[in-house]
Amino acid sequence: MRLIWLLASLVVLASAGTLKDPPRQRYDNYSVYRLNIRNKIQLTLISKLCELNKKYDIWKEYDEYSKEVHIMVNPAEAKHFQLFLKLYGISNELLIPDVQKLIDDEQMASARDSGAFGWTRYHELAEIEAWLDDIFAAHPTVTEEFTVGYSYQGRRIRGIKISHGTNKPGIFIESNIHAREWITSASATWFINELLTSQQPEVRNLAENYDWYIVPVFNVDGFEYSHRKDRMWRKTRQPHPTSPCFGVDGNRNFDSHWMENNGASSNPCSETFAGEEPWSEPETKALSEYLTSIKDKFSVYISFHSYGQWLLSPYGHTKEDFPPNYDDLQEIGSAFTAAIKNLVYGTEFVRGSTASVLYVASGSSVDWVYNELDKKVGYTIEFRDKGRFGFVLPPAQIKPNCEELMAGMIALIKKTNELGYI
């Protein structure tokens, strides 16, 4: 019997030696369409189509403001999809004819600019972490490293605290909870650099009068996977016990109105899968514990996302109710959006509660911090653009996006201060 097991083991090991790493996912001729939804029947049909057929991927869910859905279509389904749209009278516009072309252009830009760390290309996790090490070494008196926790695959979730003193109001920024939203970690690192090096008076005011806690890449496993294997990967990377599908939407996994009002999915293959229970993901569990441990040290919570150009406040779980300080949140939001629009780019952001202007999204980090930690100023910022490039925002737009972020943050923090929240 031992001989049989030994032989079997040798066969397995030999086979393992010949197995190749699965190839990188390509998106040749995958198209992204903007659908104009006129009624609930059309919306239900699109939702069911994507739920039942994995050759469709919703990039942007339906919202009451634009009444649009953005959907990526596998080329194998292109003819069927057009027939479907025609049959149900759904008007549409082609936004991206070939997703792979955008990805290739993005990679070419990175190949041309392979020098020092900067904001003319997107960086991988190892590069961001090496840059953080350099930042800590270069600014030892005002920076401090902290560890949120560890991912499912054992990666450390790193953060940086920037402080020019003690007992100053704190602001926490969480970035890249969704892996494919690369503009978020690019913006977070740029923002860190500006807080440490900019000589502009308004930026110095931000840097020196507040304590900043910033996590540039929260979903470290998913982010690494998006660089190595699948540019469009969104979720975490923990396998499911009964499904071939991997991962959970970290921003639906917090224990605040979890799974309420269809604000997340119970389907493990869905991009908005909330997990089998709140805190099923070690990443979200670790963040909740870390935030709880410093809850007396911060007053404002910001979550970086893309895309759509939104500034979203609580609540996400319902569009029927609004927070008691909703008017204040909208006043702060107005300052943010106006500051961005006044820049040379003229970019317009829409503000409002997540559920009322975008869609119902339950179990988010911002809602959990607002409801459970009683931090009454919290926002999700959805960066550029409106869909022309979507998640594959060209590197040439990193700096303009970052300039908009800084202008918005200066106005947001100023108004938050004026209203007495910090």
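How many of the 16 residues of α6 are buried? In this predicted model, α6 is mostly covered, with 15 of its 16 residues buried.

**Stop 1: α6 and α13**

Select residues 182–197, which form α6, together with residues 398–418, which form α13. The two helices pack at an angle of about 60°, and their axes are 9 Å apart. That angle makes α6 oblique to α13, and the crossing is right-handed. To see the contact, display Ile-183, Ala-186, Ser-187, Trp-190, Phe-191 and Glu-194 on the α6 side. Their partners in α13 are Ile-398, Asn-401, Cys-402, Glu-403, Leu-405, Met-406 and Met-409. By class, the residues of this contact comprise nine nonpolar, two polar and two charged.

Next, check the length of α6. The end C-alpha atoms of α6 are 23 Å apart, which agrees with the 22 Å that its 16 residues should span at 1.5 Å a residue.

**Stop 2: α7 and α13**

The crossing of α7 and α13 is left-handed. From α7, select Glu-202, Val-203 and Leu-206; from α13, select Met-406, Ile-410 and Ile-413. This contact has five nonpolar residues, one charged residue and no polar ones. Met-406 belongs to the contact with α6 and also to the contact with α7.

**Stop 3: the loop between α8 and α9**

Move to the loop between α8 (220–228) and α9 (282–293), where Thr-272 is found. Thr-272 has a relative accessible area of 14% and is therefore buried, the cut-off being under 20%. Beyond its neighbours within four places in sequence, Thr-272 is in contact with Glu-61, Arg-234, Asp-249, Arg-252, Ala-264 and Ser-265.

Asn-261 is also in the loop between α8 and α9. Its phi is near 55°, a positive value in a residue other than glycine. Asn-261 counts as partly exposed, at 48% relative accessibility.

**Stop 4: further backbone features**

Select Asn-167, in the loop between β6 (156–162) and β7 (170–175). Phi of Asn-167 is positive, near 60°, and the residue is exposed at 79% relative accessibility.

One joins Pro-314 and Tyr-315, with omega about 0°; Tyr-315 lies in the loop between β10 (310–313) and α10 (326–341). The other runs from Arg-384 to Asp-385, with omega near -5°; Asp-385 is in the loop between β12 (377–383) and α13.

Key
Residues are numbered from 1 along each chain as its sequence is written. This is a predicted model: local features need pLDDT of at least 70, side-chain atom pairs count only at pLDDT 80 or more; totals for chains, interfaces and linings use all residues. Side-chain values use heavy atoms; hydrogens and water are left out. Axes are lines fitted to C-alpha atoms, for helices over the stretch in contact, and angles run from 0 to 180 degrees between N-to-C directions. Helices (H or I, at least four residues) and strands (E, at least two) are DSSP runs, numbered from the N terminus. Angles under 35 degrees count as roughly parallel, over 145 as roughly antiparallel, 65 to 115 as roughly perpendicular and the rest as oblique. A crossing is left-handed if the near helix is turned anticlockwise from the far one by less than a right angle, and right-handed if clockwise. Contact means heavy atoms within 4.5 Å. Ala, Val, Leu, Ile, Met, Phe, Trp, Tyr, Cys and Pro count as nonpolar, Asp, Glu, Lys and Arg as charged, and the others, Gly among them, as polar. The expected span of a helix is 1.5 Å times one less than its number of residues. Buried means under 20% relative accessible area, exposed over 50%, partly exposed in between (1.4 Å probe, protein chains only).
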